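Please examine the sequence and the structure shown below.

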Amino acid sequence: MAVEAIGSSQRVKVAPWNDPVIRGWVFQIVVVGLVGLLAWYLVSNTMENLQRQKIASGFDYLGREAGFEIGDTMIEYSPASTYARAIWVGILNTLRVAVLGILLSTILGTVIGVGRLSPNWLLSRICEWYVEAFRNVPLLLWLFLFYKLISEAFPGPRQAIGAFWNTVFLSNRGLYFPVPMEDPIHKWMGLGLLVGLAAAVALHRWAKRRQEATGQPFPSILAGIGMTLGVPFVVWLAGGAPHHMSWPELKGFNFVGGTVIQPEFTALLIGLVLYTSAFVAEIVRSGILALHKGQSEAAAALGLSRGQSMRLVLLPQALRVIVPPMTSQYLNITKNSSLAIAIGYPDLVASINVTINQTGQAIENILIIMAAYLSVSLSISAFMNWYNKRIALRER
Amino acid sequence: MTDMPVGERKQLAPPTDDSGILGWMRKNLFSSWGNGLTTVVLLVAIVWILNWFLEWAVFTANFTASTGSECRGQGACWALIREKFRYIFFGSFPYEQHWRPLFAVIAMLSMLVLSADRRMWNWRLLVIWGVGSFVTFLLMFGQLHIPLSLFLVVALVVGGIGMAMRQGIARAGEMNSYRALAAIGLVGLVLRFIGILPAWKLSIAPLSYVETSLWGGLPVTIILATYGLAFAFPYGILLALGRRSNLPLVKGLCVGFIELIRGVPLISLLIMASVMLPLFLPSGTTIDKFLRAQVAVILFAGAYIAEVIRGGLQSLPKGQFEAADAMGLNYPQKTLLIILPQALRVVIPPLINTFIGFFKDTSLVLIIGIFDFLNTANQALVDPNWAGFPGEVYLFAAFVYFVFCYSMSRYSKYLELELNKGTRR
């Protein structure tokens, strides 16, 4: 009888207020109702306030003339351009500093993380204090410090430090250096670079397969670098090797010509890289320490040098532990680049901030910020998840 | 090899001695040629940098100048710090009243230090935070006007939690007192809402009133970080529980909120709080700028804390949930008595790291014009009499931040070892 009851598992009849399913739905409806009520309250207040203050709504303002200067632009921009263009300039500036920051802090962080595990006591202590110093002080403070140091320690444009026979100038307006004049061949050289890169990747794959099959190594990295740089060079030669350069020259109070790395950008990049690399170093170190000691001993027993065992045995395995927390550091760099506004680098938040002040349309602009950062964050996450899956342990 | 006579084998050198100072140096600094070279290069670099730094910071430094121009052409101008340190620490708080923020900082620090002691992790924690917060805000504001509604809310919350937590455990008398408390709170709030109860206030006014726009320096940084986290903690727990719940609508709301907040930078939330909070409220109401920043920090911290706590919840074996259900505990009892005490124990060290993060991140409020510690340090540079010494001020501020954050990270490391004693071999 009892056995049958369990097997047939007839649902026990309970009063509706004691039924967990019904209770769950009631609870959910109450929660959603409360949240909806709050949202309605906020939205209706906002509508009323906007009407009272005669603030327009909608995204029409994006097509209007922005009317403000941006100091550091990657694409053509003038105060006569539209707000949409100004915001796009900001997004590109954010992406530029984020991508460079991610690359450089990964490299520096890995070096320091490996340095902390060095058998050399002095080196490991220095790396440890680097990490402690940078991650226990706010990033914003580092940014201010570097920015003030750059703008106060370097002389004005008239006393600029000239280097390389006065072709490169360093002053508190930034680092000026010559660039080639615009030429139609540059587009084809860019294409050549992509072709060379694709060929290098294909070569590396082929070399790996051959080594797995026959054991014969092939210097695919060197050959790949040669191909990547060689193809555009050949294109350049074929295009008649145009070599007209635009040289920086002192005219009036500042330099004209050439191109410039602005001090705001430099301070932001240095600050972001030094700060984030301290966190990256800790992630790399804990990733390596998470490996069993037998791995490094086995590598040593096979006669690999310390560098080889790190590169071929330890790091590839440690990557599995390292990649997930690294993803969140990459997201942090992207989000922290918004501190640019404090030292005057025109990133997305800075552009939006000016736009809010000029148009008064806070809600639309905040929506743009959120959409932009969310899409960048989601793309970084998606890429890192794909990479993580690729390097994950394949269990057979 | 193996059939070589014993006598003809190459004699190996005895192992090097690695005891004593010389042995230690041989092992850790000069174990190989490359290693020795690294050591020498690093030593030279360290001596060179230290020599330059000491020359600048100590030997040629000026500790006594009365204006910045006296410092020119010399080393560090520490006289600037001597002149400005009260402003850097306390901002524009009325000068002769500086003892108030000083004791407020001491009150908050003792509150934090006492909470760091494991013997206090029980009802004492509530007392410590109640008294500490009361003293802090009384000193900072000078006058506190506590509205009746606050007492009613507390009565409702205490009564409600008591009813849920002691269901089926407490005697009838205890249960009835919880019910009475909750009823008083609920009825009182309704009466207050429809306007039958007047806006009574409990006023404590021993000192002159100082508004938040005059607050500045270290107390602001500590208040924003501490209360940001203190308020975000219960709400982060709710978000984490919501994310783990099997009610789809609740889960969807929590996941959406957490991911939205974590996906955008704190600055955009601060800008949003400063320009959009006033729009959200009925026209005519104003909201204090400091409070806006605090709300933004709380919203931001909640999402991050929720993710940390979710880690703790996920580390619990399923058996704990099932056992609590089998005991016949209701949801609040299961959560507060069985699940959270175990889940939180695991996440205390990462929570402290989150707190360190927020302690640093509160510096961003300077973007919306609040005078936290970094901002007052920044303002000290604006004085034309003392222009041109950013390095000194920023190094000093960095040192203060470092002392706070480093000691907290040490504590978190210690706690990690301490809490794992039971499971470590």
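Helices here are DSSP runs of H or I with at least four residues, and strands are runs of E with at least two, numbered from the N terminus.

The model is a predicted one, in which local features need pLDDT of at least 70 and side-chain atom pairs count only at pLDDT 80 or more, while totals for chains, interfaces and linings use all residues. Residues are numbered from 1 along each chain as its sequence is written, and chains are lettered from A and ligands numbered from 1 in the order in which they are written.

H12(A) is mostly covered, with nine of its 12 residues buried; a residue is buried if 20 or more other C-beta atoms, placed from the backbone, lie within 10 Å of its own. Among the buried residues are A:Leu348, A:Ser351 and A:Ile356. Their cover includes helix H3 (83-116), H11 and H13 of chain A, together with helix H10 (266-280) of chain B. Just after H12(A), A:Gly360 takes a positive phi of about 75°.

The two chains meet through 46 residues from chain A and 42 residues from chain B, where a contact requires C-beta atoms, placed from the backbone, within 7 Å. On the side of chain A that touches chain B, the largest share, 13 residues, comes from H2(A). By class, that side has 30 nonpolar, 10 polar and six charged residues. Nonpolar means Ala, Val, Leu, Ile, Met, Phe, Trp, Tyr, Cys and Pro; charged means Asp, Glu, Lys and Arg; the others, Gly among them, are polar.

The largest nonpolar core has 147 residues, a core being a set of buried Ala, Val, Leu, Ile, Met, Phe, Trp, Tyr and Cys residues joined through C-beta atoms within 7 Å. Helix H8 (residues 263-289) of chain A gives the largest share of this core, 14 residues. Among the residues with the most contacts inside the core is A:Leu143. Leaving aside neighbours within four places in sequence, A:Leu143 is in contact with residues including A:Leu268 and A:Ile343.

In chain B, B:Thr221 lies in helix H8 (residues 218-244). B:Thr221 counts as buried because it has 27 C-beta neighbours inside 10 Å.
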